[in-house]
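Subject: Model for your review

Dear colleague,

Please find the structure below, with the sequence alongside. My notes come after it.

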Number of protein chains: 4
Amino acid sequence: MKKVRMGMVGGGEGAFIGAVHRHALALDGQIELVCGAFSRDPDNNQRTGDSLGLDAQRVYSSWQALLVAEAALAPQDRMEVLIIVTPNHLHVPISIAAIEAGFHVFCEKPAAVSLEQAIELKSRVDKSNKLYGLAHTYLGYPMVWQAQNMVAEGLLGDIRKVYVEYPQGWLSANEESHNKQASWRTDPSQAGGSGCMGDIGTHAFGLVEFVLQQNVTSLCADLNTHIDGRRLDDDGAAFLRTEKGASGVLIASQVCAGVENGLKIKVYGDKGGIEWEQMSPNSLVYRPVGQPYQVLRAGLGQPGLCTEALNRCRTPGGHPEGYLEAMANLYVDFAAAVRKELAGKAPGVPGIDSGLRGMAFIEAMLSSSSSDTKWHPVPHND
Amino acid sequence: MKKVRMGMVGGGEGAFIGAVHRHALALDGQIELVCGAFSRDPDNNQRTGDSLGLDAQRVYSSWQALLVAEAALAPQDRMEVLIIVTPNHLHVPISIAAIEAGFHVFCEKPAAVSLEQAIELKSRVDKSNKLYGLAHTYLGYPMVWQAQNMVAEGLLGDIRKVYVEYPQGWLSANEESHNKQASWRTDPSQAGGSGCMGDIGTHAFGLVEFVLQQNVTSLCADLNTHIDGRRLDDDGAAFLRTEKGASGVLIASQVCAGVENGLKIKVYGDKGGIEWEQMSPNSLVYRPVGQPYQVLRAGLGQPGLCTEALNRCRTPGGHPEGYLEAMANLYVDFAAAVRKELAGKAPGVPGIDSGLRGMAFIEAMLSSSSSDTKWHPVPHND
Amino acid sequence: MKKVRMGMVGGGEGAFIGAVHRHALALDGQIELVCGAFSRDPDNNQRTGDSLGLDAQRVYSSWQALLVAEAALAPQDRMEVLIIVTPNHLHVPISIAAIEAGFHVFCEKPAAVSLEQAIELKSRVDKSNKLYGLAHTYLGYPMVWQAQNMVAEGLLGDIRKVYVEYPQGWLSANEESHNKQASWRTDPSQAGGSGCMGDIGTHAFGLVEFVLQQNVTSLCADLNTHIDGRRLDDDGAAFLRTEKGASGVLIASQVCAGVENGLKIKVYGDKGGIEWEQMSPNSLVYRPVGQPYQVLRAGLGQPGLCTEALNRCRTPGGHPEGYLEAMANLYVDFAAAVRKELAGKAPGVPGIDSGLRGMAFIEAMLSSSSSDTKWHPVPHND
Amino acid sequence: MKKVRMGMVGGGEGAFIGAVHRHALALDGQIELVCGAFSRDPDNNQRTGDSLGLDAQRVYSSWQALLVAEAALAPQDRMEVLIIVTPNHLHVPISIAAIEAGFHVFCEKPAAVSLEQAIELKSRVDKSNKLYGLAHTYLGYPMVWQAQNMVAEGLLGDIRKVYVEYPQGWLSANEESHNKQASWRTDPSQAGGSGCMGDIGTHAFGLVEFVLQQNVTSLCADLNTHIDGRRLDDDGAAFLRTEKGASGVLIASQVCAGVENGLKIKVYGDKGGIEWEQMSPNSLVYRPVGQPYQVLRAGLGQPGLCTEALNRCRTPGGHPEGYLEAMANLYVDFAAAVRKELAGKAPGVPGIDSGLRGMAFIEAMLSSSSSDTKWHPVPHND
């Protein structure tokens, strides 16, 4: 199997998510990082490239330079996929430029900083023969696929309730006392119109729609900003309604002091319920009505797992896999689609449609939160 | 120490909460059950009295008969406190009659079936020299007092967020397939205007106001009924605002298939957070900012506990106490107030003011849920 | 139902287990404490009696005085059962005297301070028409009965392994810095020949034989004393062999700093395993081979429970019951046997045979630990 | 940073641990797999090499061929490190041959199939200028280093007790119904003289000596074989004594039906205790005497962690890392030592001395288990 060649924009020293992507793409030995434009700071850029063992000639001073230079290389050498891990406002401009230059794109979420921008990107992806993948990492976990499968198989019956919560505590203090991460994520010009909802609310929302395989059609939101001078929401909640009549509650907050990364989903139908927590990702609680509850466990050979879950495990039960493995699952699927020369969407990987849903969610949250009226639609764009 | 003499209305065979009260009052050996009117069914009434070893003459055919007959007994013999564990709609009529007849009242929640009714009851209690206690059982847990204490001591700093959830699954199926409990709790003429919110939402709400020692001033609610033909809400959620500016989310549902009794509260301020779950009641998670999280544990001699928590423990750490002990803590405090001949409110026991808050909550939930406008006040009655 | 009348020897102020027994006997309203000899200190004795609301005439200065005086009362008034919660060395003398005086005995464990003494007691019990019960509290938990039932039903297949551990930390410091409890439990003249093994090792051992319904036939022990000047073991472990060929490990220690009361049993057969922890007593993990693991939960109406477990629950699932309820289950069964005028052993309550097994265990542990040879028999006395 | 070039012997399709090593070495992008002899089955060998994207010329038919051919390549191209993931009996012959041929060795555990063999290997390593690393994966976990650090810093005071348990259930059924893994691991000619103790007991033992930084000096063992016809132990336990006077219990079993991979260590001293479980590897419970217990959590920036733990984390708290990351930590350290041209032992990686300790442990277990005498020394070879 030939390794797929990827390049990266963003992710210099001090960035969190760039390193995550590099671990994830490397884990299964199917992808090679061949080039990058990691930082606008030339020293940082160069140091990052060196530490990755890259050919110095393929460490570029800007993403524009990268696209031009890589496009000029021989087909068997040049980057096939561009990974975008910059601040949010650059996601769409770089995605479009990369696609136009003939490269597949794998982009950190959110896909865009507005719904309008996301729609524009979707039209470019649709017209191209390129793949677009979105790093909704949590959708790479085996037990999230297992949850989706159990809902789809009807084990829970008709879905009545979905609860999703995503508490974090790292923005409890103000930006001055903080790191680079906090600073751009709370700057509207880089993060887009939402802070917490754009950063983690979209994960929670995407998880709901993924597990239920239903659209959320309307919501009622309450957003808050708890730190003086902070310009974007750092906390909020919403009631949800889905297309098949389930109701739900979504909570996302970055001021839950002391909480690490507590993404959790619970789904209840008339035949049973399931519960999953990202910080214990290898367990899925299943509550069939009238029986003791069960705990399904991730791992090769584990009983009760669907194919989609088993295919996303590397080790037998009891050898914990985690966040990097979840993202690596997205990379493996993306690389497979590259090898098969697919276009548009890589099976198993969230695509531009997920990106649109995320932006529709954020816009509905912002409009609902600033309104006195309860329910606001989450428009569906096809 | 002389035992306090109590009588009971309701709680015949097949009722859940009557037996709970009887276990709770007996646990500490400070209270004697001397009489009762347990059921309108004479056989059930008699069997219940027999099984409790009561003098057959003090097993009365109705609460009216009980009040008349007990009032006629010599002071050293007659019942001092009437425990009310009937369906909700009888709580106020019996409470008023008992107080007028010269008895203290300890009533299962909710205090009333409307705010108006609760206000009337409060005025009667205030004018009497009798005690009124409300069985908000969860406020008898040591670690709930510990949580209140830590908030009051400022360990969490300014409170920003409160989340309370109370999922249950036992009303997932319809009433026909169900027991006596389900049937009256979903009948508006017996339960009052709300099902789930009256039954368990009030517990969640009361827990928030107890731990924060702040009033919730407004809310935005979404109530649902998931079973065809059910006449009251069985599920819902609300956004909350408190008097000192915290925001929150309250969830209560009785259709979370497979969930037992999952009351949980989480509070976050700028200095830390705390988390408590009723199904693991002896642990309180404390997350001070910038330090590893701690788990405070109930039990005599356990480190880090306040006096209010320690006083509500009977055994050293590691000997689990639970729900019956929590309610017994309310009974111990109520009996102490009886012995001290206090009036109005027994220290340590929720009183009629808690009852009013519960009714104000329910009415705000119902009015908000049926409105298109977001925020509705939770009026405060003094 | 008439209340069973009980009296108590030991359990004055400052004692731990006396109060536990009093809560437990009171919980279900079926038993009345009518007399006691709580302490050799007259003030303590009197204060304890007063606080319990006892008739001052039935608070006796010694257990001998109690037996004489109660035997002289009219049958309908006098104590029926004597509860013994003194230091260990008095258990047998008082038990024998009580039985001879015509009273049933319910005794805190261990039954005796030597196997010889226990055999003597057994012969007295067998010859009398009285009941003898032993407070192996942990055998009152519903899920321990559920575990026994699942083993007996063959759900685990042939039992291969049993692990039992009972770590505590409260004897980590030396006796000087300690309370009354520590002091007599580490004094050979009061506690008997073993400290930790007599105090908690017997619980662990009894739990193994109860759940497996098999005798342990031989063991290999290692006992330790970690504190300078302490005269009895405070820690130890043993390999076990059972009559049907299972092997096991028993751990008991009172120097596991910071651990509360961590009794835990795990049993594995060729068809599955079960796991139970006293500090989370309402859950039983069941691991059927080739299926996801299940968690059976205590509570009225909970799925998958056997009659023996359901009968020992008072509340629906999710309303935690604990240690006091476990002991109360023993009292309920003992009172039922008193009412039925049974002799020897109360169904559902550990009896003198359990006492013998405990003493045989302690003697085998002591003899094995002081020997260079591995395996020592645990003799079975019928 | 230049990638370190590694080759692999063993690890063809159907093998578990070879794939684990490949994920682990790839994760951090610092190592390149350049060649291999994966299977004696030519088809398997070739398919494995293909799937890894290896140059077909560097997929060798045998480890002998690999050593010869790689040694003949130019220094800048040839393999630097040989990874050995064959059945146990080949570990030493291949290790010695590789070292003689001028390659570093990174070997799956156990190092050898006898103590004698391990001593011979050690003498070869010591005489060479090559590195030898042993894949005690669990010693790569951040919180295991944290545990070691807390013991070394004296936070627990003098260590009194250590408990280590390693239950698994996968050998509950017999080999016929099993996979390739079960078959060679229970074959004395491939696995060595011990089954369970060699396979997982050594992990448990190594963890004890690593965390305590003390040698176990003697033990008393009980080994069992539960399946008819199985030729090696599949279960056992031991009492332990350490050089500084702590005592302990080690449990390892592969017949705990339904258990996945439950390695767990608990250490108690006079000032506190710590507890760690491999299946929840990012938490370390710390029980300081007289204070609430704390939970230290792995992750960049997490409070309370030592440098050794922080250096082994890749992501902020709440993004679970697991087993592959633990092994990757060993590979990162091994690669660093290769780059620095160190010999003998790579800092941070278990070396041949750990291998000797493992073999000494197995031999002591076997000799103790077959003896009637209790204590047997675990000889220390320097």
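This is a predicted model: local features need pLDDT of at least 70, side-chain atom pairs count only at pLDDT 80 or more; totals for chains, interfaces and linings use all residues.

Chains C and D

Chain C puts 33 residues in contact with 33 residues of chain D. On the chain C side, the elements that each supply two or more residues are β6 (159-167), β7 (216-224), β8 (235-242), β9 (247-253), β10 (264-269), β11 (272-277) and β12 (283-288) of chain C. The most comes from β9(C), which gives four residues. Sorted by class, the side of chain C that touches chain D holds 14 nonpolar, ten polar and nine charged residues.

Chains B and A

Here the contact involves 33 residues from chain B and 33 residues from chain A. Two or more residues of the chain B side come from each of β6 (159-167), β7 (216-224), β8 (235-242), β9 (247-253), β10 (264-269), β11 (272-277) and β12 (283-288) of chain B. The largest share is that of β9(B), with four residues. The side of chain B that touches chain A consists of 14 nonpolar, ten polar and nine charged residues.

The five-stranded sheet of chain B

Chain B contains an open sheet of five strands in the order β2-β1-β3-β4-β5, and the pairing is parallel. At the edges are β2 (31-37) and β5 (132-134) of chain B, each of which pairs on one side only. From one strand to the next, the twist averages 25 degrees.

Within this sheet, β3 (residues 81-85) and β4 (residues 104-107) of chain B run parallel and are joined by four bridges. One residue pair to look at is B:I84 and its bridge partner in β4(B), B:C107. Helix α4 (residues 91-100) of chain B lies across β1 (4-10), β3 and β4 of chain B, and runs at about 160 degrees to β4(B).

Helix α11 of chain A

Helix α11 (residues 323-339) of chain A has 17 residues. From its first C-alpha to its last, α11(A) reaches 25 Å, close to the 24 Å expected at 1.5 Å a residue. Is this helix largely enclosed or exposed? Of the 17 residues of α11(A), 14 are buried, so the helix is largely enclosed by the rest of the structure. Just after α11(A), A:E341 takes a positive phi of about 55 degrees.

Regards

Methods. Residues are numbered from 1 along each chain as its sequence is written. Chains are lettered from A and ligands numbered from 1 in the order in which they are written. Two residues are in contact if their C-beta atoms, placed from the backbone, lie within 7 Å. Ala, Val, Leu, Ile, Met, Phe, Trp, Tyr, Cys and Pro count as nonpolar, Asp, Glu, Lys and Arg as charged, and the others, Gly among them, as polar. The expected span of a helix is 1.5 Å times one less than its number of residues. A residue is buried if 20 or more other C-beta atoms lie within 10 Å of its own, exposed if 12 or fewer, and partly exposed in between; C-beta atoms are placed from the backbone. Two strands pair if DSSP finds at least two bridges between them. Axes are lines fitted to C-alpha atoms, for helices over the stretch in contact, and angles run from 0 to 180 degrees between N-to-C directions.
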